Amino acid sequence: MSLPGPVVVIGGVNVDVVAEPSGPPVPAVSNPGRVRIGPGGAGRNVAENLARLGLSVRLIAAADAHPLTTVSLAEAARAGVDTSGVIRIHGRGNYYVAVEHAGALLWAVSDMSAAEALAPSDLDERAWLLKDAGAVVVDANLQPATIVRAADLAGGTRLCLLAVSAAKAERLRPVLPRASLIACGVPEAAALTGLEIRSRGDAARAARRLRPEGGTVLITMGPQGLGWFGAEEVWVDAPPVAVRDPTGAGDAAAAAAVYALLTGMEAKAGAGLAMAAAAMTLEVEGATHPGLSLEALRGRR
C-alpha cells in the first residue's frame, strides 16, 4: 500500500497540567494528591499519533516560548512530526489544566491564547507546507478567520476538522460543508446541531444533520463507543478498559480516522481502528500512548 502525501496539522500545542486528588475531591480546600505535567494540544496530539501510524506529518501552530512547550514540541518531533512550521511567541501560552479522579475528568480550563494568535497571514507565509499535502487537519483552537484561511489553502485536499470543545466548535461552522471528516464528542456534536444527545440514536441524528456531502462524521461517546457516519454507518462498542487518564483519547480516535480515510479503509475497519486508538490511549497517563502503532492497533481489534 502506498501512503498518501504529508498530512498538515494546524492547531494547538499545549502543556497539560493534570491534578489527581488522592480521594474524592473536596471543594474550597487543598486536596492531597498528585500533579503531573505533559505534552498536549488537540493538533499536536493528532500529529504525533499520525506520525506513529507511519504517515509523514507537518505541524503548523503558534506555541508559547516557555521551556515546557519546548518539551511538548520535542515529544512530537521524536515521534517523527516536522515541527518547523511552529511559531514560538512570548507572552501568550497554551495551557490545559484539569482535575481528574478515578479515571474521569471532573473539570478543566483551557487557555489557548497562543494558538489564537496564529493569524491567516502566518498561514500564508507557510503555504508551501500545504502544497503537496494529502490532507489538512484543523482544530477549533484557532480563531475563525484562521480556520477559514486554512480551509482555503487546503483547496481540494481532504479537510479534516477537530471540534475540540463545545465552546469552540462553533468556530468551525463556516468550513463544515468543505470537510471530508468532522471528529467530535457528544458535547461538540450537540453544540453544532442544537440536538440533545443521550443515546446512539440521538448521535446518529446529529451526525446525519452535520455530515457534509461525501464526508464522514466521527462521534465518540465514551463508554457507549463511537459512531462512524459516512456512506456507511457503523457503531463500535467500547471495549473493557482500565482507564488511567481520559485526556487525549478523542484525539487518538480522530487521528486513526484520518489515517483510515487516507488509506481507503472500509468504514467498519476505520471505526474499529479509531476505537482501538482511543482505548489504547485511555490506558496510559498523558495525552498520547508512546507505543501506539498500526500493528498495535490491529492487534487490539
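In the predicted model, Glu285 is partly exposed, with a relative accessible area of 31%. The side chain of Glu285 forms a salt bridge with Arg36, in which the closest N and O atoms are 3.8 Å apart. This pair links distant parts of the chain, since Glu285 is placed in the loop between helix H9 (267-282) and H10 and Arg36 in strand S3, 249 residues apart. In contrast to the partly exposed Glu285, Arg36 is buried, at a relative accessible area of 13%.

Arg36 also meets the side chain of Glu20 in a salt bridge, with an N to O distance of 3.4 Å. Because Glu20 lies in strand S2 and Arg36 in strand S3 (residues 33-40), the pair ties together parts that are 16 residues apart in sequence. Glu20 is itself buried, with a relative accessible area of 14%. A further salt bridge is found between Glu233 and Arg208, whose closest N and O atoms are 2.8 Å apart; here Glu233 belongs to strand S13 (residues 233-236) and Arg208 to helix H7 (residues 200-210), 25 residues apart, so that distant parts of the chain are again linked. Glu233 counts as partly exposed, at 41% relative accessibility. Through shared partners, salt bridges join Glu20, Arg34, Arg36, Glu100, Arg244, Asp245 and Glu285 into one network, and the count of salt bridges comes to 22.

Strand S2 (residues 14-21) also contains Asn14, which counts as buried at 4% relative accessibility. Beyond the residues up to four places away in sequence, Asn14 touches Gly38, Pro39, Gly40, Gly41, Ser72, Asn94, Tyr95, Tyr96 and Met112. The C-alpha atoms of Asn14 and Ala114 are separated by 9.3 Å, although the two residues are 100 residues apart along the chain.

In helix H4 (residues 144-154), the residues Thr146, Ile147, Ala150, Ala151 and Ala154 are buried. Seen down the axis of H4, these buried residues fall within an arc of 140°, and they therefore line one face of the helix. The cover over the buried residues of H4 includes strand S1 (7-10), helix H3 (120-125), strand S8 (135-139) and strand S9 (158-162). H4 is followed by Gly155, which has a positive phi, near 60°. In the loop between H3 and S8 is Arg126, a buried residue with a relative accessible area of 17%; when neighbours within four places in sequence are left aside, Arg126 is in contact with Ile60, Gly85 and Ile87.

Leu294, in helix H10 (residues 294-298), counts as buried at 9% relative accessibility. Apart from its neighbours within four places in sequence, Leu294 is in contact with Arg52, Leu53, Tyr259 and Leu273, whereas Leu294 and His66, 228 residues apart in sequence, are 33 Å apart in space, C-alpha to C-alpha.

The count of aromatic pairs comes to one, formed by Phe229 and Trp235 in an edge-to-face arrangement, with 5.5 Å centre to centre and 85° between the planes. Phe229 is buried, with a relative accessible area of 1%, while Trp235 counts as partly exposed at 27% relative accessibility.

Strand S7 (residues 104-112) supplies the largest share of the patch, three residues, and Val97 is placed in strand S6 (residues 94-101), where Val97 counts as partly exposed at 34% relative accessibility.

Conventions:
Residues are numbered from 1 along each chain as its sequence is written. This is a predicted model: local features need pLDDT of at least 70, side-chain atom pairs count only at pLDDT 80 or more; totals for chains, interfaces and linings use all residues. Side-chain values use heavy atoms; hydrogens and water are left out. Buried means under 20% relative accessible area, exposed over 50%, partly exposed in between (1.4 Å probe, protein chains only). Helices (H or I, at least four residues) and strands (E, at least two) are DSSP runs, numbered from the N terminus. The arc is that of the directions from the helix axis to the C-beta atoms. Contact means heavy atoms within 4.5 Å. Rings of Phe, Tyr and Trp (its six-membered ring) pair if their centres lie within 6.5 Å; planes under 30 degrees apart count as stacked, over 60 as edge-to-face and the rest as tilted. A salt bridge is a side-chain nitrogen of Lys or Arg within 4 Å of a carboxyl oxygen of Asp or Glu.
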